[in-house]
Amino acid sequence: MKIAVISDSHDHKKNILKAVSKINKKNVDALIHCGDYISAFVVRWFDGLNENIKERFFGVYGNNDGDRVFLKQNLGQICDLVGMELISEFDGKKIFAAHMPNQETVDAIASSGKFDIILFGHTHALMNKRYENGVLVVNPGELCGYLTGRATFAIVDTNKMQAEIIEL
Ligand SMILES: [Mn+2]
């Protein structure tokens, strides 16, 4: 199963539309957004996702997502905004996703053996790392590209247990 992972899109319309188009062409089965959408109106830019992807579109809130009521009301039409943490199983793999766990927390969760894949955002910095115990830890970087100049997202392959970083 292929899961697209986006974080920190920060209202960047052009990059969101580009990412949606790429995700639609990549045979992706699900999408997880690790937070920092910003405005509730981003729903219109994510709305072009293939229907099968929208059925498995999950998101957690970021620290910059102030208006959660309207985000839930609008983006919530196509995305299951689960709260601060996503804990779920995809294709037999236990996944933990949150916007801003610190690195020590990520390492502790990874070494707990309770999850196969850990996803996060917030730092706007890429991470694509397979820990010694096999846990895959991915920060897809920033879709907005505001801080690093690189607009990226990831596609996690749950069979191969690896992530491909896609640059816009
Ligand atoms: Mn951010």
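1. For 168 residues, a compact globule would have a radius of gyration near 15 Å; the protein chain has 14 Å, which agrees. The radius is taken over C-alpha atoms, and the globule rule is 2.2 Å times the number of residues to the power 0.38. Along the principal axes, the C-alpha atoms fill a box of roughly 40 × 30 × 30 Å.

2. Basis. This is a predicted model: local features need pLDDT of at least 70, side-chain atom pairs count only at pLDDT 80 or more, and totals for chains, interfaces and linings use all residues. Residues are numbered from 1 along each chain as its sequence is written.

3. Overall content. The protein chain has 5 helices and 11 strands. These are DSSP runs, numbered from the N terminus: helices are H or I with at least four residues, strands are E with at least two. Of the 168 residues, 43% count as buried. Buried means 20 or more other C-beta atoms within 10 Å of the residue's own; exposed means 12 or fewer, partly exposed in between, with C-beta atoms placed from the backbone. Take contacts between residues at least 6 apart in sequence: 60% of them join residues at least 24 apart. A contact requires C-beta atoms, placed from the backbone, within 7 Å.

4. The sheet of 6 strands. This open sheet has the order β4-β3-β2-β1-β10-β11, with mixed pairing. Two strands pair if DSSP finds at least two bridges between them. The edge strands are β4 (80–83) and β11 (162–167), and each pairs on one side only. On average, neighbouring strands are turned by 25 degrees against each other, direction ignored. Axes here are lines fitted to C-alpha atoms, for helices over the stretch in contact; angles run from 0 to 180 degrees between N-to-C directions.

5. Strand β1. How many of the 5 residues of β1 (residues 2–6) are buried? The count is 4, so the strand is largely enclosed by the rest of the structure. β1 pairs antiparallel with β10 (residues 152–157) over 4 bridges. On the β2 side (residues 30–33), 4 bridges also join the strands, but these run parallel. β1, helix α1 (residues 13–25) and β2 form a right-handed β-α-β unit. Right-handed means that, with the strands pointing away from the viewer, the path from the first strand over the helix to the second runs clockwise.

6. Ile3. This residue lies in β1. Ile3 counts as buried because it has 26 C-beta neighbours inside 10 Å. Ile3 stands opposite Val156 in β10, and its bridge partner in β2 is Ala30. Ile3 and Ile155 are 152 residues apart in sequence, yet 5.5 Å apart in space, C-alpha to C-alpha. Leaving aside neighbours within four places in sequence, the contacts of Ile3 include Val28, Asp29, Phe90 and Thr158.

7. β2 and β3 (residues 57–60) run parallel, joined by 3 bridges. His33 has Gly59 as its bridge partner in β3. β3 and β4 are also parallel, with 3 bridges. Gly59 stands opposite Leu81 in β4. From β3 the chain crosses through helix α4 (residues 68–74) to β4, and this β-α-β crossover is right-handed. On the other flank, β10 and β11 run antiparallel over 6 bridges. There, Asp157 is partnered by Gln162 of β11.

8. The sheet of 5 strands. This second open sheet has the order β5-β6-β7-β9-β8, with mixed pairing. Its edge strands, β5 (85–90) and β8 (126–130), each pair on one side only. The twist averages 15 degrees from one strand to the next. β6 (residues 93–98) and β7 (residues 117–120) run parallel, joined by 4 bridges. Ile95 has Ile117 as its bridge partner in β7. Helix α5 (residues 103–111) packs on the sheet and touches β6, β7 and β9 (136–140); its direction makes about 160 degrees with that of β7.

9. The core. The largest nonpolar core holds 49 residues. Such a core is a set of buried Ala, Val, Leu, Ile, Met, Phe, Trp, Tyr and Cys residues joined through C-beta atoms within 7 Å. Ala4, Val5, Leu31, Ala97, Ile118, Leu119 and Val156 touch the most other members. Apart from neighbours within four places in sequence, Val5 is in contact with Ile32, Cys34, Leu119, Val138, Pro140, Phe153, Ala154 and Val156.

Conventions
Two residues are in contact if their C-beta atoms, placed from the backbone, lie within 7 Å.
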